[in-house]
Amino acid sequence: MSQSQDLNQLYPQIEPYNTGYLEVSDIHQIFFEQVGNPDGMPILFVHGGGGVSSSPRDRRFFDPAYYRIILVDRRGDNDAWKTIEDYEKLRKFLEIEKWIIFGGSLGSAISLTYAELYPDRVVGLILRGIVLGQRKELQWIYDKGASYIFPEHFDTFISAIPEEEQDDLMMAYWKRINSDDNQTKIKYAKLWMQWACTLSVLHDQEVNNNLKISDEIQYLIARYDNNFAVDLRNFSPGEESYILQNIDKIRHIRCIIIHGRHDVICPPRRAWELHKKWPEADLRIIRNAGHMQEDIPMTSALIAATKEFQKIN
């Protein structure tokens, strides 16, 4: 288990050679793009969430001469299980036999579950910021856990809710973010975003930079993120993670797990729990990184992993 490595730089900016929409239900389409070498090793980028999508920067973790890079913007109905099936529909649509899965944060849970459902279609996994689909992960963020690390910020977050509703902050915020009153929904969306950004980044200035967006955009991101958090409680209804219960199905697959030592959204214990169940996986704790893939040490470690898969394949 290594903790540092020489810095690797993002690959140069690149445009897709193909984009499109795939109809995955009667009312949903997903946007996808393909970048790099059309005849290269397919690798699927599974973004985090909720409320986010893939970006041009995400194309740059991979050597475009070697990889056929597929990026997808997920459907917006908050159903992680349907999202997993969407990726399988896309694989068939693109006529890909097998691919590497590169997923971070919530995308790590989706990547792991996809691999467990379709192990014959996965060549390897590169995972960041491990999420295991357990209720205790949400409790850490919105109840007791992160509140001990950022107590002053949590007081702002919780004090906006009446005391009688504070035992379920996710639902309390859901009611207000989905209010018919515009002032109410904007106020609580901004509070939700402030707490999420506080946990996600290492430096206070990064919080301010991430929130330099319009109230309407903050509202849209917060609404989706809050809805996803509420729905995610049903991903593994029991105490045991579905992912950990089914880990034996994928222990033969090569996997590199990369996790920031200072990740407050997904504390390193999650990665350690996964590694204990899957000792064959290569766990790398990055000392000077947090949750975000934009942290320079995290970016470097992720690129190093993609380079290692090039050598293996």
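Visitor: I'd like to get my bearings. Which strands does helix 2 lie across?

Guide: Keep in mind that this is a predicted model. Helix 2, residues 106–117, lies across strand 3 (41–46), strand 5 (99–104) and strand 6 (122–128). Its direction is at about 150° to strand 5.

Visitor: Which strands does helix 12 lie across?

Guide: Helix 12 is made of residues 296–312 and lies across strand 4 (67–73), strand 5, strand 6, strand 7 and strand 8. Against strand 7, helix 12 runs at about 170°.

Visitor: Now the strands themselves. In what order do they sit in the sheet?

Guide: Here's the general idea: strands of a sheet pair through backbone hydrogen bonds, either parallel or antiparallel. In this model, eight strands make an open sheet with the order 1-2-4-3-5-6-7-8, and the pairing is mixed. Strand 1 (18–23) and strand 8 (282–286) are at the edges with a single partner strand each, so one side of each has no neighbour in the sheet. On average, neighbouring strands here are turned by 20° against each other, direction ignored.

Visitor: How do I read a pair of helices? At what angle do helix 6 and helix 7 cross?

Guide: Follow the two axes: those of helix 6 and helix 7 (residues 182–200) come within 8 Å and cross at roughly 140°. That makes helix 6 oblique to helix 7. On the helix 6 side, the contact is made by Met170, Tyr173, Arg176 and Ile177. Helix 7 brings Thr184, Lys185, Tyr188, Ala189, Leu191 and Trp192. By class, the residues of this contact are seven nonpolar, one polar and two charged.

Visitor: Last stop, a pocket. Which residues line the second largest pocket?

Guide: The lining consists of Arg135, Leu138, Gln139, Tyr142, Asp143, Asp167, Asp168, Leu169, Met170 and Arg233. The volume of the second largest pocket is about 180 Å³. Helix 3 (135–142) and helix 6 (169–177) are the elements giving two or more residues to the lining. The largest share, four residues, is from helix 3. Sorted by class, the lining has five charged, four nonpolar and one polar residue.

Technical notes
Residues numbered from 1 in each chain as written. Predicted model: local features only at pLDDT ≥ 70, side-chain atom pairs only at ≥ 80, totals over all residues. Heavy atoms only, no water. Pairing = 2+ DSSP bridges. Axes fitted to C-alpha atoms, helices over the stretch in contact; angles between N-to-C directions. Contact = heavy atoms within 4.5 Å. 1 Å grid on protein atoms, 1.4 Å probe; cavity = no way out; pocket = protein on both sides within 12 Å on 5 of 7 lines; lining within 4 Å. Points joined across faces, edges and corners; volume = space filled by probe spheres on them. Nonpolar A, V, L, I, M, F, W, Y, C, P; charged D, E, K, R; others polar. Parallel < 35°, antiparallel > 145°, perpendicular 65-115°, else oblique.
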